[in-house]
Amino acid sequence: MRFLDQFPEGEQIFIRSYLAFDCTHDYIGSASTDGEEFYFISEDGNERKGVLLFSNKNSKIRFVHYCSFCAVYRDLPKIGLSSQEVGCIASFWARRELAEKGEEQLRSEALSLKNKIYPLQKEAYEKLGILP
């Protein structure tokens with residue numbers, strides 16, 4: 001959990017309190033908008049597989065949300081963030097998927113979803129040129 005070294009000591013303890021003890025964790029990355037930075041930490045274990053979202057605004061870190069990897073686009077509009085914040089986070093997540101899967105695979109998966117794609121997911125993919 002070397003990624004915690006980037007945070008002040010007191011904040012490390014706060015973040016660590018949200019991490020399940022029986023899971024491995026990895027820093028996925030960050031996105032920022034309107035002076036607020038969002039941090040993504042993956043959690044992988046037998047019982048839990050997902051991503052924890054934290055934010056840092058004015059040097060105050062807070063836990064925002066936990067969701068499974070497959071529910072990011074479903075959950076984001078429901079957690080009380082502004083539309084600009086949601087768009088920023090969705091764009092980060094779509095870029096991550098693009099880097100992980102490649103353009104052709106991501107496009108193929110998105111097109112196969114047809115009407116099952118979440119509106120936020122569709123919007124993020126359109127901005128990246130994955131969907132027309």
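This section describes the sheet, the helices packed on it, a salt bridge, a cavity and a pocket in a predicted model.

Strands of a sheet pair through backbone hydrogen bonds, either parallel or antiparallel. In this model, four strands form an open sheet in the order β1-β2-β3-β4, and their pairing is antiparallel. Strands β1 (24-33) and β4 (60-68) stand at the edges and have a single partner strand each, so one side of each is left without a neighbour in the sheet. From one strand to the next, the twist averages 20 degrees. Strand β3 (residues 49-57) runs antiparallel to β4 and is joined to β4 by eight bridges. Within this pair, Phe54 has Phe63 of β4 as its bridge partner.

Two helices are described here by their packing on the sheet. Helix α1 (residues 9-16) touches β2 (36-44), β3 and β4. The direction of α1 makes about 25 degrees with that of β4. Helix α3 also packs on the sheet, where α3 touches β1, β2 and β3. The angle between the direction of α3 and that of β1 is about 130 degrees.

The count of salt bridges in the model comes to nine. One of them links Arg96 with Glu100, and the closest N and O atoms of this pair are 3.4 Å apart. Both residues belong to helix α3, where Arg96 and Glu100 lie four residues apart, about one turn of the helix.

Rolling a probe the size of a water molecule over the atoms shows where empty space is left. In the whole structure, the search finds one cavity of 30 Å³ or more. The volume of the largest cavity is about 90 Å³. Residues lining the largest cavity include Phe40, Val51, Leu53, His65, Tyr66, Asp75 and Trp93. Two or more lining residues come from each of β3, β4, α2 and α3, and β4 gives the largest share, three residues. By type, the lining of the largest cavity divides into ten nonpolar residues, one polar and one charged.

The largest pocket has a volume of about 300 Å³. Its lining is made up of 18 residues, among which Phe69, Cys70, Glu97, Lys101 and Gln121 lie nearest the centre of the pocket. Helices α2 (72-75), α3 (83-101), α4 (103-113) and α5 (119-128) each supply at least two residues of this lining. Helix α3 gives the most, with five residues. The lining of the largest pocket contains eleven nonpolar residues, one polar and six charged.

Key. Residues numbered from 1 in each chain as written. Predicted model: local features only at pLDDT ≥ 70, side-chain atom pairs only at ≥ 80, totals over all residues. Heavy atoms only, no water. 1 Å grid on protein atoms, 1.4 Å probe; cavity = no way out; pocket = protein on both sides within 12 Å on 5 of 7 lines; lining within 4 Å. Points joined across faces, edges and corners; volume = space filled by probe spheres on them. Nonpolar A, V, L, I, M, F, W, Y, C, P; charged D, E, K, R; others polar. Pairing = 2+ DSSP bridges. Axes fitted to C-alpha atoms, helices over the stretch in contact; angles between N-to-C directions. Contact = heavy atoms within 4.5 Å. Salt bridge = Lys/Arg side-chain N within 4 Å of Asp/Glu carboxyl O.
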